[in-house]
Amino acid sequence: MTTEVIILLIVLGAITLYALSVYNSLATGKVHIKEAFSGIDVQLKRRVDLVPNLIETVKGYAKHEKGLLENVTKARSSLMNAHTTQEKAQSDNMLSQALKSLFAVSESYPDLKASKNFLELQEELSDIEAKIAYSRQFYNSNVRGYNKTLAIFPSGSLGRMFGFKDEEFFEAKSLEREPVKVKF
Amino acid sequence: MLFVTTVVFVYGKASGYGLSYVGIGLIISGIMGISSYYYSDKMILGMSGAKQIQKEDNPVLFRTVENLCIGAGIPMPRIYIIKDSAINAFATGRDPKHSVVCVTTGILDRLNKIELEGVIAHELSHVRNYDIRLMSIVVILVGLVALLADFFMRSLWFGGRRDRSSSGNSQGIFLLIGIALAILSPLIATLIQLAVSRKREFLADASGSLLTRYPEGLASALEKISADKEPLEVANNATAHLYIANPFKGKARHNWLTNLFNTHPPIAERIRILRSM
């Protein structure tokens, strides 16, 4: 074989190896993103499971806060029915807001505040909020790495040729920017 | 790159004097290094008198570690507590699946939740960045260099070298260089090891801050640590490099030369870098 042919083969080999590495990193990225998403789901489900317990406890002490309790229930069912990333992010925010208002109002019910059940639930829920925040962060940083590979050259063009598409960040578009209305 | 330099440097010296020595040296150093790597967690825990805790024993600590592991996407390490009022912490373990994080009761008493998060994030980053594995390899290489230097000096003393292939003049020069290297190389290798250790400390600070998205937490914890004059009782030279801050207090560290021999970068500089993020 002539040297030109050898050089050509080496170059083709290098390009193939590079394309392979791009494909593999994107494919691995997708698997990581899926896993991170199910991590968020696990925390969301834990919260959804605890909420009825909380509602029952609060109902016992604060019968007048029907409106707030209804908000929490509504937000919870919207989270249970959410499927896309957008819907989940939005419902998650709604539920967090509703729970925040509920805990704020509970300050004016000393019996409720002293209830051991309530305190335990409050601690659990605040821990779950932290876990949701961290799992969102982990998911988003995986999405960031993956989208970055798809954005830069030349891995981006190669990736799109292979059929990979951008993934969504876990964030709600509209609801977060609205100011929170606190009524006393 | 430092390793490549070190290894090439070692082979360069050894090639004139028989590769078999390198082989023996590598095996001995390797066995010591690898066994310390695999048992690193048991060894240091044994030496430090640490007690493992479960969720019920300290929910705040447990939850903090748990949440940060979710953020980092790594499995939870075993958590230990050392009874000592000095503020310090360390992490060890060859990979995230076999890792250990340990804090002193000093940390639990004196740092608030945000500062604790900063410290734990730093320790988890050591595990995530495979720093323990890295430092073990470095230690093996340093040990190798020291052993080879030793072998070389002994072979000179007993006046025998097996190969008679090199010519008269160049032999003499190599001999001189060889002696100089034999004396200096363990020192140079140790300095390299300490430099690597310092670099990885900075990296763990940065990775930890990326994890918590709040570098001020770690900065404020480091401030409290530097203000605390108490040395950690159970630490010794072998384990000092694993802790978050140099456990031997009470020595002035303003000198450029003493800084070269430090396993950790100066705390003031770490705080400055964190606050500028």
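**Entry 1: the strands of chain B**

The model I am reading is a predicted one. I then looked up B:Ile53 and noted that its bridge partner in β2(B) is B:Ile79.

I next traced the sheet as a whole. It is an open sheet of four strands in chain B, ordered β1-β2-β4-β3, and its pairing is mixed. Which strands stand at the edges? I recorded β1 (51-53) and β3 (89-92) of chain B there; each has a single partner strand, so one side of each is left without a neighbour in the sheet.

**Entry 2: helix α4 of chain B**

I looked up helix α4 of chain B, which covers residues 59-72 and has 14 residues. From its first C-alpha to its last, α4(B) reaches 20 Å, close to the 20 Å expected at 1.5 Å a residue.

Which residues of α4(B) are buried? I listed B:Leu61, B:Thr64, B:Val65, B:Asn67, B:Leu68, B:Cys69, B:Ile70, B:Gly71 and B:Ala72. Just after α4(B), I noted that B:Gly73 takes a positive phi of about 70°.

**Entry 3: the contact between the chains**

I turned to the contact between chains A and B. How many residues does each chain give? Chain A gives nine residues and chain B gives six residues. On the side of chain A that touches chain B, the elements giving two or more residues are α1 (3-61) and α5 (116-151) of chain A. I recorded α5(A) as the source of the largest share of that side, with seven residues. By class, this side of chain A holds four nonpolar, three polar and two charged residues.

**Entry 4: A:Gln137**

I stayed with helix α5 of chain A, where A:Gln137 has its place. Is A:Gln137 buried or exposed? I counted it as buried because 21 other C-beta atoms lie within 10 Å, and the cut-off for a buried residue is 20 or more.

Lastly, I compared the position of A:Gln137 with that of A:Arg160. The two are 23 residues apart in sequence, and in space they are 26 Å apart, C-alpha to C-alpha.

Definitions and conventions: Residues are numbered from 1 along each chain as its sequence is written. Chains are lettered from A and ligands numbered from 1 in the order in which they are written. This is a predicted model: local features need pLDDT of at least 70, side-chain atom pairs count only at pLDDT 80 or more; totals for chains, interfaces and linings use all residues. Two residues are in contact if their C-beta atoms, placed from the backbone, lie within 7 Å. Ala, Val, Leu, Ile, Met, Phe, Trp, Tyr, Cys and Pro count as nonpolar, Asp, Glu, Lys and Arg as charged, and the others, Gly among them, as polar. Two strands pair if DSSP finds at least two bridges between them. A residue is buried if 20 or more other C-beta atoms lie within 10 Å of its own, exposed if 12 or fewer, and partly exposed in between; C-beta atoms are placed from the backbone. The expected span of a helix is 1.5 Å times one less than its number of residues.
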